[in-house]
Amino acid sequence: MCTLHIEEETHLVAMGSRRQACTSPNPSTMSMRRRPQDNGKCTLFDISWDDVLIPKMSIYLSLKDLFNLRSCSRTALRFAEAALEKRQEVHLSGNNTSNVQLGFKVLASCCRRLEHLHLARCKWLTDDLLLPLLDNNKQRLSVVNLNECINITALSLQPIIVQCKQLRVLKLSKCQWLTTGAVDALTLHQSKLVEFDISHCGAIGERCLIIFFRKLNKLTILSLANTPSVTDQVLIQIGNYCRELEHINLIGCASISDYGVHALTNSCPKLQSLMVQRCPLVTERVLAPLRGRVHIDRPSMGYNLPATQHRLYLQV
């Protein structure tokens with residue numbers, strides 16, 4: 001049997017005691033390690049903002065929620081402004097509450113990645129308020145709704161026309177400040193629109209519209225309601241160049257007739273709806289063949305029956 005010398009036994013005992021000291025926890029060090037977790041306070045803002053809070057949580061907060069949160073503390077203010085910086089949509093249509101323009105200034109300074117901007121019927125909106133917001137978000141904007149914004153001018157439309165290269169939807173209904181010159185600029189810079197609304201815009205000329213629609217070959221939704229310059233010649237141009245058209249609003253266009261509507265509907269095979277109320281020169285003669293294939297907002301007059309019901313009865 002092998003025996004160990006006294007020096008070897010002493011060395012092995014010393015190594016064993018060192019291993020035990022390394023593996024056994026020290027009560028004092030354990031308490032020191034737990035102290036930050038036991039005594040420190042963890043808040044919502046300790047969660048990663050970029051990875052969790054902004055992309056996963058802030059998207060469910062409305063603008064009102066973010067502004068309420070913004071007033072809670074300095075940290076909450078920084079978080080709310082960081083969330084606004086990455087926000088992709090602002091929807092303030094019809095919001096005319098007091099001091100809303102003060103909140104809009106905060107949006108104009110914080111937002112950097114807006115894609116959808118809805119400001120319809122905002123009577124408080126002016127060029128001075130809108131231009132900074134457009135300047136900070138011009139690279140990404142694809143939807144702009146300025147319907148019935150009566151206190152802005154064509155000056156605000158300039159950055160939208162020239163610099164918003166991703167623009168796909170533009171709504172300018174009841175904007176009396178929209179002129180022929182602005183539409184000419186649209187013709188030069190915007191050819192990828194899929195939805196366009198210039199209802200109740202009386203300052204636009206017929207020639208301007210004829211040239212404009214020659215470039216909109218991707219248009220699917222068009223509203224020209226109560227626009228006096230819309231004529232049969234304009235409808236012919238729309239039919240020739242806007243072959244993807246699905247919905248068109250011609251309510252109150254008193255200058256159009258069966259001739260223009262026939263040319264339009266024959267050239268647009270994807271047409272799904274046609275609105276022609278208060279168009280006195282458009283008759284059932286052109287509308288009857290469309291019924292069943294295209295939704296028409298005007299009821300049938302009860303005459304001009306479909307060809308399938310025309311039968312000849314002979315008495316023997």
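# Reading the labels on a predicted model

User: Why is arginine 278 called exposed?

Analyst: Its relative accessibility is 54%. Exposed means over 50%. Arginine 278 therefore counts as exposed. One caution: this is a predicted model.

User: Why is arginine 121 put in another class, partly exposed?

Analyst: Arginine 121 has a relative accessibility of 39%. Buried needs under 20%, and exposed needs over 50%. The value lies in between, so arginine 121 is partly exposed. Its loop joins strand E2 (116-118) to helix H7 (127-137). Arginine 121 also has a positive phi of about 60 degrees without being a glycine.

User: How do you know that the structure has no disulfides?

Analyst: A search of the whole structure finds zero. Cysteine 279 shows the reasoning. Its nearest cysteine sulfur belongs to cysteine 253, 5.6 Å away.

User: Is cysteine 279 buried or exposed, and why?

Analyst: Cysteine 279 has 2% relative accessibility. That is under 20%, so cysteine 279 is buried.

User: What makes cysteine 42 exposed?

Analyst: Cysteine 42 has a relative accessible area of 70%.

User: Why does serine 223 count as buried?

Analyst: The relative accessible area of serine 223 is 13%. Buried means under 20%, so serine 223 falls in that class. The residue belongs to strand E6 (residues 221-223). Beyond four places in sequence, serine 223 contacts Phe196, Asp197, Ile198, Ser199 and Asn249.

User: What makes helix H11 mostly covered?

Analyst: Helix H11 covers residues 232-241, and seven of its 10 residues are buried. They are Asp232, Val234, Leu235, Ile236, Gln237, Ile238 and Gly239. These buried residues pack against helix H10 (206-212), E6 and helix H12 (258-267).

User: Which residues does glutamine 233 touch?

Analyst: Leaving out residues up to four places away in sequence, glutamine 233 touches Glu206 and Ile210. As for leucine 209, 24 residues away along the chain, its C-alpha atom is 9.7 Å from that of glutamine 233.

User: How many residues are in the largest nonpolar core?

Analyst: The largest nonpolar core has 78 residues. Those with the most contacts inside it are Phe104, Leu125, Leu146, Leu178, Phe213, Ile238 and Leu250. H6 gives this core its largest share, six residues.

User: What does leucine 178 contact?

Analyst: Beyond four places in sequence, leucine 178 contacts Leu157, Leu172, Val183, Ile198, Cys201, Ala203 and Ile204. Contact here means heavy atoms within 4.5 Å.

User: What lines the largest pocket?

Analyst: The largest pocket has a volume of about 230 Å³. Its lining is made of Asp50, Ile54, Pro55, Ser58, Ile59, Ala83, Lys86, Arg87, Gln88 and Glu89. By class, four are nonpolar, two polar and four charged. Helix H3 (residues 49-57) gives the most, with three residues.

User: What makes up the lining of the second largest pocket, by class?

Analyst: That lining has six nonpolar, five polar and one charged residues. The residues include Lys64, Phe67, Asn95, Gly103 and Phe104. Two elements give two or more residues each: helix H4 (63-70) and helix H6 (100-110). H6 gives the most, four residues. About 200 Å³ of space lies in this pocket.

Definitions and conventions
Residues are numbered from 1 along each chain as its sequence is written. This is a predicted model: local features need pLDDT of at least 70, side-chain atom pairs count only at pLDDT 80 or more; totals for chains, interfaces and linings use all residues. Side-chain values use heavy atoms; hydrogens and water are left out. Buried means under 20% relative accessible area, exposed over 50%, partly exposed in between (1.4 Å probe, protein chains only). On a 1 Å grid over the protein atoms alone, a cavity is a set of points where a 1.4 Å probe fits but cannot get out, and a pocket is an open set with protein on both sides within 12 Å along at least five of seven lines; lining residues have an atom within 4 Å of a point. Grid points are joined across faces, edges and corners, and a volume is the space filled by probe spheres set on the points. Ala, Val, Leu, Ile, Met, Phe, Trp, Tyr, Cys and Pro count as nonpolar, Asp, Glu, Lys and Arg as charged, and the others, Gly among them, as polar. A nonpolar core is a set of buried Ala, Val, Leu, Ile, Met, Phe, Trp, Tyr and Cys residues joined through side-chain atoms within 4.5 Å. A disulfide is a pair of cysteine sulfur atoms within 2.5 Å.
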